[in-house]
Amino acid sequence: MSIQEVDQTEFNAHDFVERLAWKAVGGAAVDSEEKTKFNPMKLHSIFRKMIKDLNDKNKVVSREIESLEQDYKEEEKQHHNRILALQKANELSFDMLAKLDDKISFVATKVVHVGDQLESINTPRTRVVEAKNTMTHFRDFLIGLQSNFQITSDSLDWISKAQIIQKLSSVASELPNEKKFRDAKTRIDDKYEEMEKFLLARFRNNQVNGKIKEMSQVAEVLYNFKIPMGIGIYDQIPRLCERTKEQAIDVIFPNSDTVMTKFLAKLYEHKLHSYIHERLEYSKKEGTMAYLEELKVFYTNTIALNAKLSIYNPTNDPNLLVRLTNKIFSLSLRDYAEREIENLKEKCIHINRKFYEEKRHQKKVITSGGLSEFRRDIQEMIGTKANLDFGLKLENYGGETFLDDTVSASLIQETKSAITRCQTLTGSTYQVALHVSKLFNVLLEQLCVEHIAYAVDLGVQTVPLSEQKVQPQVYFFMIVSQTNAMFTLFEKFFTETVGPVVRNDLKAYEECDRRRKEIKSIIEKKLEGGIRKSLNAICGWIKNLLLEQKKTDFRADLGASVISTSICQKVITYLEKEISDINRCLDGENLYATLQELGIKFHSTVYDHILKFQYDNTGSMVLLCDVRSYSETSKKFNSSIVNQLFLTLYHLCNLLFCPVFHFKDMIEDNLELDYLDRNTIMSFIQLRMDYKSIKDDVNIQISSIRSS
């Protein structure tokens with residue numbers, strides 16, 4: 001033992017003193033027969049000499065510190081001077097930058113001013129030219145020369161003509177309804193309608209031919225028209241009713257209410273009904289989703305139209321508009337619920353299928369649990385041990401979890417849109433609750449079963465077995481994390497969107513809630529099984545690492561410093577990585593329970609490993625270093641139970657080094673040992689190489705503890 005050990009990085013004062021004392025007594029355990037050979041003066045002399053060496057070492061280190069401090073002050077002074085020089089240079093650069101910035105601002109101000117002047121001159125000129133051009137065309141419509149205004153397919157021509165007719169329509173709408181303007185306004189309206197039909201036809205042709213750029217160009221022009229994409233009829237009808245009632249019905253007919261009733265009925269039954277029917281039939285060709293959205297839009301607009309026309313609704317028939325609306329939509333609403341459910345199912349299936357296609361994954365039929373999983377595990381375990389091939393290959397898919405937040409959000413959004421349409425288009429609250437419960441079942445099936453549960457089942461199968469020849473890659477904790485996040489979003493959707501609607505039918509609500517809890521419970525059990533297999537895989541690899549440990553690891557040279565074994569360091573490095581992964585993926589009670597279970601399994605693995613060897617004094621010191629390292633790592637499990645287990649294990653390992661006549665005091669002074677049964681304590685004492693020679697003394701010490 002030398003003073004050079006003080007300079008070692010992993011120097012431990014407590015171990016240093018123990019080894020010094022141990023060497024002073026010759027390295028042999030002091031039993032009852034050798035007590036007379038103990039020389040306290042020799043121990044005293046060795047300690048005094050070592051204290052003197054340490055004092056000398058302290059003086060040398062102090063001088064080195066003073067020298068380093070002097071060098072540090074010189075370097076600090078030089079560094080300070082360099083910083084001052086850099087600060088001066090920085091101030092100079094900053095001043096130059098400020099001057100350049102002022103010059104740039106001055107020039108920019110001048111440029112903006114000149115630009116504003118040019119714009120102020122050019123803008124009025126442009127407006128005058130446009131106004132002159134518009135008035136020229138208006139004159140043509142006024143005198144009946146609208147035939148000069150021909151619409152051609154040339155892109156520059158039809159765009160400019162569309163802009164002109166749009167402006168003419170705005171001008172005409174502001175003119176009084178006098179005779180001299182009436183013909184011109186009619187001609188402009190006809191040309192306006194012709195231009196609109198031309199734009200819609202051009203838009204459809206470009207859509208059929210897949211010309212996206214041309215479609216965008218037409219849509220940009222069509223956007224400024226009063227009737228974009230067929231919605232304008234709901235603006236035209238109120239104005240038509242107002243003009244007709246004021247200018248015709250009230251003036252001509254004495255029984256204006258009856259006439260207005262027939263007028264509204266004709267307007268709804270022919271004009272509005274045929275228009276909606278035509279548009280809905282066209283939308284069916286574009287797909288069920290387009291049809292349902294169009295149906296919702298028309299129904300919503302019709303209800304709003306009823307409110308606008310209520311002032312024209314005679315008091316003797318207050319339900320007229322409601323009856324007319326029901327007549328228009330009765331056929332479409334008859335099979336609406338079935339269409340909505342089927343559409344949602346198709347959309348969700350498409351979203352899931354597209355996700356797996358992008359991952360290039362063919363969904364498998366997974367039989368989880370029962371005899372199939374048990375047989376698979378047995379075959380893989382036998383194949384690993386005996387190098388036999390049963391045709392089974394454990395695939396981890398490169399760490400792919402097959403869970404995607406975008407997929408879950410899309411499925412929920414599609415369901416939310418379907419529920420919104422259902423609330424709009426379904427009559428009574430009871431029917432709404434019934435249909436929404438069916439839509440919710442589709443989401444449960446496609447999100448929770450087909451997406452989440454499938455990924456969890458697949459993830460459980462990819463968890464490595466506990467006995468592997470190579471270090472296992474455990475990805476299941478990431479699956480747990482993503483599943484928890486998705487279920488949080490799903491639960492929020494149920495609480496905020498589904499629950500308030502379905503509560504109108506208590507039976508439907510209870511069924512939805514029961515089904516939700518049932519699927520949640522199933523997935524939680526699958527996650528628990530996957531976590532348990534993952535922990536077994538981790539501890540299995542730790543066990544595999546410990547198998548590399550040899551007896552010679554615990555028989556170090558007396559002159560060597562006692563540190564943890566290389567196998568211990570490998571185990572700790574691997575375990576800390578897995579603990580870090582668990583902390584990153586789990587939280588709350590899941591994190592606490594998982595870490596505690598892993599800690600208990602890790603303790604059991606280390607405990608069984610220790611019982612495989614026998615230890616002399618040197619080996620027991622090496623073992624204590626290993627166990628101390630394991631104990632430090634065990635604190636990362638954040639579990640008092642695990643900490644207590646490793647503390648007890650450390651005290652048990654002390655029995656391998658402690659002199660026999662101290663057994664009684666050591667056990668009674670440590671509650672952890674005092675609570676253990678006699679067989680456990682004896683199983684550790686029997687690991688001592690000198691157990692046969694001290695067996696009788698050990699029995700006396702142990703029996704005295706039990707009898708006291």
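This is a predicted model: local features need pLDDT of at least 70, side-chain atom pairs count only at pLDDT 80 or more; totals for chains, interfaces and linings use all residues.
Residues are numbered from 1 along each chain as its sequence is written, and side-chain values use heavy atoms, with hydrogens and water left out. Local features need pLDDT of at least 70, side-chain atom pairs count only at pLDDT 80 or more, and totals for chains, interfaces and linings use all residues.

Arginine 360, although not a glycine, has a positive phi of about 55°, and lies in the loop between α10 (336-358) and α11 (370-386), helices being DSSP runs of H or I with at least four residues, numbered from the N terminus. A positive phi, near 60°, is also found for phenylalanine 402, in the loop between α11 and α12 (405-425). Arginine 360 is exposed at 81% relative accessible area, whereas phenylalanine 402 is buried at 4% (buried means under 20%, exposed over 50%, with a 1.4 Å probe and protein chains only).

The whole structure contains 15 aromatic pairs, a pair being rings of Phe, Tyr or Trp (its six-membered ring) with centres within 6.5 Å. The rings of phenylalanine 487 and phenylalanine 490 have centres 5.7 Å apart and planes at 75°, and are therefore edge-to-face (over 60 degrees). Both residues lie in helix α14 (residues 476-502), three residues apart, and they are buried, phenylalanine 487 at 9% and phenylalanine 490 at 0%.

Arginine 516 lies over the face of phenylalanine 494, at 4.6 Å from the ring centre (the criterion being CZ of Arg or NZ of Lys within 6 Å of the centre and within 35 degrees of the ring normal).

Conventions. Helices (H or I, at least four residues) and strands (E, at least two) are DSSP runs, numbered from the N terminus. Rings of Phe, Tyr and Trp (its six-membered ring) pair if their centres lie within 6.5 Å; planes under 30 degrees apart count as stacked, over 60 as edge-to-face and the rest as tilted.
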